[in-house]
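Subject: Structure handover

Hello,

Here is the structure I promised to pass on. Please open it alongside this message; my notes follow below.

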Amino acid sequence: MTVAVSDIVKEFENELGEVCYKMKSHDIDVQAVQTSGLAPVITYWMGNKEITEDIRKLRFSPRPPSTYIQDYDEFQSMLYAKEQRAINELYERLSIKPKNMSAGKQILWSFFVMILAMLPLIIAIWWYK
């Protein structure tokens, strides 16, 4: 018999009749958004239901989840990979770097942006000589 303990953890009895816990699903979407400040905000979704608080409660519980949830380590590594992917996608969207250029053109673009950013300093040094 399987019982839902929370939106992300379920309880079940194994072959020996012991009560065990398992993650309900590994099909979780992770989204990163930039609201204000420097750090992105990460939210977790299972279908169309937000489960961010459930993930936080599980991660910051006094008892380590890996001690009683059977597949928590696999779940955590999957979640970490999705978090990294979401953050990388967010930074790619916010980046001013052109995306449809070859590697050589991107290096030239970076050099041009660096010169453009240093131009006021170069002019100030030249002006005060």
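This is a predicted model: local features need pLDDT of at least 70, side-chain atom pairs count only at pLDDT 80 or more; totals for chains, interfaces and linings use all residues.

Two strands count as paired if DSSP finds at least two bridges between them. On that basis β5 and β6 pair: two bridges join them, and the strands run antiparallel.

Three strands make an open sheet, ordered β4-β5-β6, with antiparallel pairing. β4 and β6 (49–50) are the edge strands. Each has a single partner, so one side of each has no neighbour in the sheet. Helix α1 packs on this sheet and touches β5 and β6. The direction of α1 makes about 105° with that of β5. Helix α2 lies across β4 and β5, and runs at about 35° to β4.

**Helix α2**

Does the length of α2 agree with what its residue count predicts, or disagree? It agrees: 23 residues at 1.5 Å a residue should span 33 Å, and the end C-alpha atoms are 33 Å apart. The buried residues of α2 are Tyr-72, Phe-75, Met-78, Leu-79, Lys-82, Glu-83, Ala-86, Ile-87 and Leu-90. They pack against β3 (19–23), β4, β5 and α1. For the spacing, recall that an α-helix has 3.6 residues a turn, so residues three or four places apart point the same way.

**The core**

The largest nonpolar core holds 20 residues. Ile-8, Met-23, Tyr-44, Phe-75 and Leu-79 touch the most other members. Elements giving two or more residues to this core are β4 (29–33), β5 (41–46), α1 (52–59) and α2 (72–94). The largest share, seven residues, comes from α2.

Met-23 deserves a look. Leaving aside neighbours within four places in sequence, Met-23 is in contact with Ile-8, Val-9, Lys-10, Leu-58, Ile-69, Asp-71, Tyr-72 and Phe-75.

Ala-32 is another one to inspect. Ala-32 sits in strand β4. Its relative accessible area is 6%, so Ala-32 is buried. Not counting residues up to four places away in sequence, Ala-32 touches Val-41, Ile-42, Ala-86, Ile-87, Leu-90 and Arg-93.

**Aromatic pairs**

How many aromatic pairs does a search of the whole structure find? Three. Here are notes on two.

Tyr-21 and Tyr-68 form an edge-to-face pair, 5.7 Å centre to centre with 90° between the planes. This pair links distant parts of the chain. Tyr-21 is in strand β3, Tyr-68 is in the loop between α1 and α2, and they are 47 residues apart. Tyr-21 counts as partly exposed, at 22% relative accessibility. Tyr-68 is partly exposed too, with a relative accessible area of 23%. The cut-off matters here: buried means under 20%.

The rings of Trp-109 and Phe-112 have centres 6.1 Å apart and planes at 40°, so that pair is tilted. Both residues lie in helix α3 (residues 103–127), three residues apart, about one turn of the helix. Trp-109 is partly exposed at 30% relative accessibility. Phe-112 is partly exposed as well, with a relative accessible area of 43%.

Best wishes

Note on methods. Residues are numbered from 1 along each chain as its sequence is written. Side-chain values use heavy atoms; hydrogens and water are left out. A nonpolar core is a set of buried Ala, Val, Leu, Ile, Met, Phe, Trp, Tyr and Cys residues joined through side-chain atoms within 4.5 Å. Buried means under 20% relative accessible area, exposed over 50%, partly exposed in between (1.4 Å probe, protein chains only). Helices (H or I, at least four residues) and strands (E, at least two) are DSSP runs, numbered from the N terminus. Contact means heavy atoms within 4.5 Å. The expected span of a helix is 1.5 Å times one less than its number of residues. Axes are lines fitted to C-alpha atoms, for helices over the stretch in contact, and angles run from 0 to 180 degrees between N-to-C directions. Rings of Phe, Tyr and Trp (its six-membered ring) pair if their centres lie within 6.5 Å; planes under 30 degrees apart count as stacked, over 60 as edge-to-face and the rest as tilted.
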